Amino acid sequence: MAHKDRLDALLKCKRLDMVPLYHFMFGFCATNVGYPVASMYNDPQKSFMAQLWTFEQYGIDGGPDYGYASYGGWEFGGEIKFPSSEWQQAPSHGNFVVNSEEDLAKLRLPDVEKAGMLPLAMEFSKLQDKFGKPISIVLGGVFTIAGNICPVEILCRWMIKKPEAAHRLLWLATQHILEVIHHWVNIFGAERVMPNIWEPLAANSMISPKLFQQFVLPYVKEASEKILAMGIKHIYYHICGEQNLNLPYWAQVPMGDPGLVSFGHQVDISTAINYFGDRCIIVGNVDPGVIQSGTPQQVYELCKRCIDKGKRAPRGFMLMSGCEIPPMAPPCNVYMMRKAVDDFGSYD
Amino acid sequence: MEFKQDRMSRQERMQALYNYQKPDRVPIFEDGNFFCMINVGYRLTDLYSNPQRAFDALIWTCEQYGWEPERHCSSAHAVLGTPDFGGRIKSPESIYSQGLSVEETAVQTEDDVWNLKMPDPKTAGVIPIRMEFSKLEEKAGMPVTFLARSPLCSGAEICGVERFCAWMHKKPELCHRLIRMGMNHTLEALQHWVDTFGAGKVYYQMSSPTESNQVISPKHFQEFALPYHREFHKRLRAMGINQFHFHICGEQNLNLPYLARLAASPDGWPHPSILSFGHEVDITNAAQYFPKDIILGNIEPALFQSGTPQPIYELCRKTIEKGKKIPGGFILAPGCGMPPRAPGYNVWMMTKAVHDFGWYD
Amino acid sequence: MASEQRANEVLKGLCDGVVAFDEETVGKFSKAAVEEGVDAYDAITKGLAHGMGKVGELYAAHEYFVPELLLCADALYVGLDILRPHLKRSDSGKSARRIVLGVAEGDVHDIGKNLVKIMFDAAAWEVYDLGKDVPLGSFVEEQQRTNADVVGVSALMATSMLAMPEVTRMIKTRNPNVVVMLGGAPLTREIARSYGADGYADNAGEAVREAVRLVEVIK
């Protein structure tokens, strides 16, 4: 099967020839083609081509995509810094626009045509359209966006001491997500748009499942329901980091038919299948730390284990790193993912 | 990577070339193992200190890029003029380094030349490390590589190229002594390989960067290089070594007629040997000079480092089209050591170009 | 001078106040300690720090998470702000331990480092916090300036983790007797060791215990 056909078949629940190899790499693509890492975020043309070429080389199904985890701060009026040193892999906050309740009171929803990275994301999506690729829009999840507008340490305190402030911020994040997706749907049509929503800040290394249930779940559910009501068929959720205690709540979130849900190495694939396998494509979850620092054999073995666990997921499985592959990951380790799929991922 | 399936194994492909038959497709070699080390996440210094890592990096990278690991163009010399004869070298530790560099040459004065002693051919410099590497090659059923400089280059390494160049004019006897000592040391170390593995398994690789016309004239080439090439091959034949790869490095167009006469004579190397050329030598011309040998090359390495993919792909295509017509056989490769930090996609252009244009149908 | 019973009451109040992240209670008992002559050092170590120790256990047991830790820390600092000025000069020698902390160059994720800082503050170490995205040379300079026993470097991103072997080498080249500890999500003990570090902790509570152990070993 051609790469595009494989992903189409998976989304339509048709029989596949082999496990797709999905991507979570930006800076790695830049390094692979000799571009600065920052170009993955500030130059849509370069970002698109770097990914296109790298995916061709490594036989990756799906993509290219555009986005980063610090989404939200710049869009709501803060500052972003693009990666400039050899130790940086993604945009990071320059400042936060909300540092107090007074700041929160002044916060307004941004213009989705002009705010922050959104014009760059639109330019990128037009390239996706031109090249016949799936149209994606990568956004932070409600809690991650909230934690990018306001320092997460303040947000954490508000959840316990000033819950109404936390709710206000989360409500704004939710409305913003809906407005952005609605804008993409208007331009490309609901059938073609697949929102990618990354929620790293809601991990249990940060908040308890109780706070997740009170502060994150209601907004995530609301956003998902409204996104699907726009006519969008599939939502991709990246449930990043240690989120095992949140899984029972995530399982209540509608994600489409099927949805797509990816996990970090902290969530076992078998566990993910138990919670989501009947209605979502499971994606993951090779530890990027091993891809960065392990030997090729270690990566290969780890990929084999992931494939063995995920291959028979009822709605399908795609092998992917559990989070972004670092820009300086040894390329041979990334090749090992391809090799493992070729050796163990066949559906015969 | 949805390429056509190979119809031959790696061994079959190379055997076809050695039999002057057309393989299924143009083989691809890397040049130098530096790129492999970085590709796998190892340090460049590991190439000179950790044979297992060096070997693993080679095998994994060759698999990833579809290169042939057997008879790979090594860049880790078994014999080195500077450390073997008592000078000091520095390992490539900074991100801007690619290979070993000389901190202090073994010879600095005329007296040093006359007082120079022959090193131990089993223990000098990196010889023990390279021996371990060769054992790994043997264990994998591969020919065991032994890379050394040409006699002139060996001699120049002992005292440093600038000093050698000056002495070629002013004190030629010093140059001849150094060349002879360098050559003899190389052959003694090579004998150690023959004794360990048997002559039939040894794949001898010679590089000759200092003989390029960017450094010496064809006149000096005739005086200081050619006679020793002749003698060297005589001694290789006497050892029973019949697998030879000559990396004719850099701008050597003015030397080619002399090398061609040597190659065509009984004093030359066995045929087919693999002859690799830098981008400075057109491969069609090279094939005319050396009709009985396999031509390897010759994409400019700097392009992989600093160029963009499409021009590299185009250059590979053109080179493949020329190379496929070479009667003696052709292997696509960079013209010299692949820069260790060349963008992977640029390097992959060789693979893509071979799979698009390199089939012999 | 408070009676022993009253002193214990104050210490318990401080401890419980920290665990309950109750700034008002901690403030009340801190003032009481000052006014009633409870030794300030004891109030900090046996009251506040003891409370943070319990908080660390609750965190390790996944009963407390980051929001709770931050609020406990806020309560802790209310107490420290009141009690520190009343430490006797001789108390400063009781824990002459100094640590430089920072997030590796290129990385701006500092919550983990901030939690570690809180624990070292609670344990009465002198903490020199360089913040986030710290140029590698700054770790070396600050260690030299403060004569710190320990340098702790954290990273959340796999990319900035690559800076750790270099900063470890730089610190150790200047002063081999300094303890270097590494931490952060992408690390493991094995990776930290391979980077040349002396120690590693996978949570804030563990970091102080590890640092104390390593300083005793190296010194």
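Predicted model: local features only at pLDDT ≥ 70, side-chain atom pairs only at ≥ 80, totals over all residues.

Trainee: Which helices of chain B each supply at least two residues to the side that touches chain A?

Mentor: α2 (34-40), α4 (51-65) and α16 (344-357) of chain B. α16(B) gives the most, with 5 residues. By type, that side of chain B has 10 nonpolar, 5 polar and 3 charged residues.

Trainee: How many residues are in contact there, on chain B and on chain A?

Mentor: 18 residues of chain B touch 23 residues of chain A. The area buried between the two chains is about 1700 Å². Carbon and sulfur atoms give 56% of that.

Trainee: Which chains share the most contacts?

Mentor: Chains A and C, out of the 2 pairs of chains in contact. Chains B and C have no contact joining them. Their closest C-alpha atoms lie 12 Å apart.

Trainee: Let's move to chain C. What domains is it divided into?

Mentor: Domain 1 (4-92) and domain 2 (96-218). Their C-alpha centres are 25 Å apart. In the contact between them, domain 1 of chain C puts in 14 residues and domain 2 of chain C puts in 8.

Trainee: How much area do the two domains of chain C bury between them?

Mentor: About 1000 Å², with 74% of it on carbon and sulfur atoms. On the domain 1 side, Met52(C), Leu69(C) and Tyr77(C) lose the most area to domain 2. Together they make up 32% of what that side buries.

Trainee: What about charge pairs and polar contacts between those domains?

Mentor: The count is 1 salt bridge between domain 1 and domain 2 of chain C. The rule also finds 1 residue pair in polar contact across that interface, both at pLDDT 80 or more. On the domain 1 side, α3 (40-60) and α4 (66-83) of chain C each supply at least two residues. The largest share, 7 residues, comes from α4(C). That side divides into 11 nonpolar, 2 polar and 1 charged.

Trainee: Back to chain A. Why is helix α7 of chain A largely enclosed by the rest of the structure?

Mentor: Because 8 of the 8 residues of this helix, 142-149, are buried. Among them are Val142(A), Phe143(A) and Ile149(A).

Trainee: What do the buried residues of α7(A) pack against?

Mentor: Strands β2 (92-95), β3 (135-140) and β4 (193-198) of chain A, plus helices α8 (152-161), α9 (163-188) and α10 (209-229) of chain A.

Trainee: Next, Ser160(C). Is it buried or exposed?

Mentor: Buried, at 0% relative accessibility. Ser160(C) sits in helix α7 (158-161) of chain C. Leaving out residues up to four places away in sequence, Ser160(C) touches Trp87(A), Ala104(C), Glu105(C), Gly106(C), Asp107(C) and Ala155(C).

Trainee: And Gly17(C), buried or exposed?

Mentor: Buried, at 2% relative accessibility. Gly17(C) lies in helix α1 (4-19) of chain C. Beyond its neighbours within four places in sequence, Gly17(C) is in contact with Asp22(C), Thr25(C), Val26(C) and Ala75(C).

Trainee: Back to salt bridges. How many does the structure hold over all chains?

Mentor: 49. One of chain C's joins the side chains of Lys113(C) and Asp129(C), at 2.8 Å from N to O. Lys113(C) lies in helix α5 (111-122) and Asp129(C) in strand β2 (126-129) of chain C, so the pair ties together parts 16 residues apart in sequence. Lys113(C) is buried, at 4% relative accessible area. Asp129(C) is partly exposed, at 31%.

Trainee: Where do Glu142(C) and Arg145(C) lie?

Mentor: Both are in helix α6 (136-146) of chain C, 3 residues apart, about one turn of the helix. Glu142(C) is buried at 14% relative accessible area, whereas Arg145(C) is exposed at 60%.

Trainee: Which residues of chain B are linked in a network of salt bridges?

Mentor: Asp6(B), Arg13(B), Asp24(B), Arg25(B) and Glu68(B).

Note on methods
Residues numbered from 1 in each chain as written. Chains lettered and ligands numbered in written order. Heavy atoms only, no water. Contact = heavy atoms within 4.5 Å. Buried area = accessible area lost by both parts, 1.4 Å probe. Helix = DSSP H or I, 4+ residues; strand = E, 2+ residues; numbered from the N terminus. Nonpolar A, V, L, I, M, F, W, Y, C, P; charged D, E, K, R; others polar. Domains from an automatic or database assignment. Salt bridge = Lys/Arg side-chain N within 4 Å of Asp/Glu carboxyl O. Polar contact = N/O pair within 3.5 Å; in protein donor to acceptor, adjacent residues only side chain to side chain. Buried < 20%, exposed > 50% of the residue type's maximum accessible area, 1.4 Å probe, protein only.
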